[in-house]
Amino acid sequence: MSDKKTVSVIIPMYNEEASCAERIALLLSEMGKMFGSDFEVIVSNDGSTDRTKEIIESLLPRCQNLRLVSYDDNRGKGSAVREGILASSGDIVFYTDCDLAYGTEIIGVMAKKLMQSGADAVIGSRNISEDGYEGYTLLRKIASKTYIKLICAAAGFCHSDSQCGIKCFVGEKARRVFSLCRINGFAFDLEALMISEHFGYKITEQAVKIINHSESTSKVHLVRDTFRMLRDISGIKKRIAKM
């Protein structure tokens with residue numbers, strides 16, 4: 001990649017002791033291949049009750065590009081992502097899940113697109129290529145698409161996949177946006193994007209597909225979570241109107 005930029009990748013974690021060491025080792029290795037030493041991986045521990053924090057702490061002395069942000073109470077993924085982003089220093093800031101569901105190569109692809117497009121954010125989307133939902137059951141595919149369409153219509157958000165688990169931002173703008181975010185639950189992605197649009201930030205999309213399927217990947221309870229999201233969207237709109 002030309003025009004070197006520093007890259008921060010935020011990995012929210014809650015009770016990931018079974019696989020966190022392996023996944024972080026893989027991510028650090030792949031990030032080194034893509035960005036040399038110009039990156040940091042920030043694990044944001046969301047009050048894990050297992051050995052996640054201790055395992056990551058044991059890696060820190062020998063992994064100079066690894067950092068840990070941690071707090072004791074379990075607040076939700078939105079909080080973990082927010083705390084990680086606010087602690088970041090990268091020119092480009094990503095967040096994605098510990099299972100690396102979308103793989104690691106996509107990080108380089110999205111970073112390049114962010115720089116070349118002049119966008120302020122690049123968000124992954126499973127809805128703009130035929131293989132975006134590859135490996136999903138038909139029922140889960142329908143549920144996911146329906147859920148996304150409903151909440152985006154309610155929010156007035158025009159992009160195709162607000163809930164995709166990998167996104168990147170220009171670093172200073174990520175830190176500005178997430179300093180104003182308050183949602184800890186599922187709506188945190190949408191909150192960040194709605195605030196970004198309020199500021200006039202340019203958002204573009206990148207086709208992605210899930211490579212690593214796991215039990216932790218996007219469990220949506222359509223009826224319950226839709227009502228919760230609609231409630232949160234109403235609150236987000238009211239707060240943004242006062243900004």
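**Buried faces and the overall fold**

In helix α6 (residues 171-178), the buried residues are Gly171, Ala174, Val177 and Phe178. Here, buried means under 20% relative accessible area, with over 50% counted as exposed and anything in between as partly exposed (1.4 Å probe, protein chains only). Looking down the axis of α6, these buried residues fall within an arc of 125 degrees, so they line one face of the helix; the arc is that of the directions from the helix axis to the C-beta atoms. The cover over this face includes α3 (77-86), β4 (92-95), β6 (167-170) and α7 (188-198). Contact means heavy atoms within 4.5 Å.

A quick word on the ground rules. This is a predicted model, in which local features need pLDDT of at least 70 and side-chain atom pairs count only at pLDDT 80 or more, while totals for chains, interfaces and linings use all residues. Residues are numbered from 1 along each chain as its sequence is written, and side-chain values use heavy atoms, leaving out hydrogens and water.

Helix α2 (residues 52-59) can be read in a similar way. Its buried residues are Thr52, Ile55, Ile56 and Leu59. They cover an arc of only 95 degrees around the axis, which puts them on the same side of α2. Among the elements covering them are β1 (7-13), α1 (20-35), β2 (39-46) and β3 (66-71).

Next comes α7, one of the elements covering α6. Of its 11 residues, 9 are buried, so α7 is largely enclosed by the rest of the structure. The buried stretch runs through Phe188, Asp189, Leu190, Glu191, Ala192, Leu193, Met194, Ile195 and Ser196. After α7 comes Gly200, with a positive phi near 80 degrees.

Zooming out, the chain has 8 helices and 7 strands; these are DSSP runs numbered from the N terminus (helices are H or I, at least four residues; strands are E, at least two). A compact globule of 243 residues would have a radius of gyration near 18 Å, and the chain agrees with that at 17 Å. That radius is taken over C-alpha atoms, and the globule rule is 2.2 Å times the number of residues to the power 0.38. The C-alpha trace spans about 45 × 40 × 40 Å along its principal axes. Buried residues make up 50% of the 243 in the chain. As for contacts between residues at least 6 apart in sequence, 79% join residues at least 24 apart.
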